[in-house]
Amino acid sequence: MGNASEFRNLDPRDRRRLLRRGLVRPVATVALCGVSYFVLPWTSVDGISTLTLLVGGLLVVLLVAVWQIRQILRSDVPTLQAIEALALILPVYLLGYAVGYSLMSQSYPTYFSEPLSRMDALYFSLTVFSTVGFGDITATTDPSRAVVSVQIIGNLILIGVGIRVVAAAVGWARGRK
């Protein structure tokens with residue numbers, strides 16, 4: 001499935017199946033990540049350092065990214081697999097920071113300008129990612145500012161390098177066919 005002409009030459013039923021897969025699985029992935037974020041019982045980071053939480057979260061994102069790159073390289077339809085990869089990597093990354101912010105706020109209420117609910121933490125993670133930074137919620141201590149700073153650097157890496165790696169994996173997968 002290396003190019004658009006091969007896709008057009010597919011049986012219409014196979015084409016619809018691939019398009020459905022390319023739409024349904026990423027939407028389901030994002031929905032599952034979002035539901036998990038709101039229903040799983042995150043309660044406290046007492047006894048866990050901010051650095052440990054940050055490194056652990058970033059390690060999870062890295063493992064998901066490596067797994068997804070391997071999936072792209074093995075896929076018969078690497079472009080669709082790349083869409084699925086981004087639909088998993090991005091929510092895991094953003095929700096990971098949201099979990100961290102929420103837990104930090106619960107354990108250390110002075111870390112932010114106001115206590116963060118899960119929705120507030122997700123909102124804050126998204127505003128930091130999008131560089132909008134409305135300023136209604138701010139990091140107020142060195143540890144919380146350090147985590148936000150690492151997210152900002154991670155954002156640049158994810159956007160600049162991550163998307164290029166996914167695109168390169170699609171190209172490699174197409175080239176081997």
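This is a predicted model: local features need pLDDT of at least 70, side-chain atom pairs count only at pLDDT 80 or more; totals for chains, interfaces and linings use all residues.
Entry 1. I began with the aromatic rings. A pair of rings is described by how far apart the centres are and by the angle of the planes. I took rings as paired if their centres lie within 6.5 Å. By this rule I have nine aromatic pairs.

Entry 2. I looked up Tyr-37 and Phe-38. Their ring centres are 4.8 Å apart and the planes stand at 80 degrees, so I noted the pair as edge-to-face; the cut-off for that term is over 60 degrees.

Entry 3. Which of these two residues is buried, and which is partly exposed? Tyr-37 is buried, as its relative accessible area is 1%. Phe-38 has 38% relative accessibility and counts as partly exposed.

Entry 4. I turned to Phe-112 and Phe-124. The centres of their rings are 5.5 Å apart and the planes are at 75 degrees, so this pair is edge-to-face. Phe-112 sits in the loop between helix 4 (78-107) and helix 5 (118-130), while Phe-124 is in helix 5, so the pair ties together parts 12 residues apart in sequence. I found both Phe-112 and Phe-124 buried.

Entry 5. I then checked which cluster these two rings belong to. Phe-112 and Phe-124 form one aromatic cluster with Tyr-93, Tyr-97, Tyr-101 and Phe-129.

Entry 6. Last, I looked up Arg-70. Arg-70 is placed in helix 3, residues 50-74. With 45% relative accessibility, Arg-70 counts as partly exposed. How far is its C-alpha atom from that of Gly-22? The two C-alpha atoms are separated by 17 Å, and Arg-70 and Gly-22 are 48 residues apart along the chain.

Technical notes
Residues are numbered from 1 along each chain as its sequence is written. Side-chain values use heavy atoms; hydrogens and water are left out. Rings of Phe, Tyr and Trp (its six-membered ring) pair if their centres lie within 6.5 Å; planes under 30 degrees apart count as stacked, over 60 as edge-to-face and the rest as tilted. Buried means under 20% relative accessible area, exposed over 50%, partly exposed in between (1.4 Å probe, protein chains only). Helices (H or I, at least four residues) and strands (E, at least two) are DSSP runs, numbered from the N terminus.
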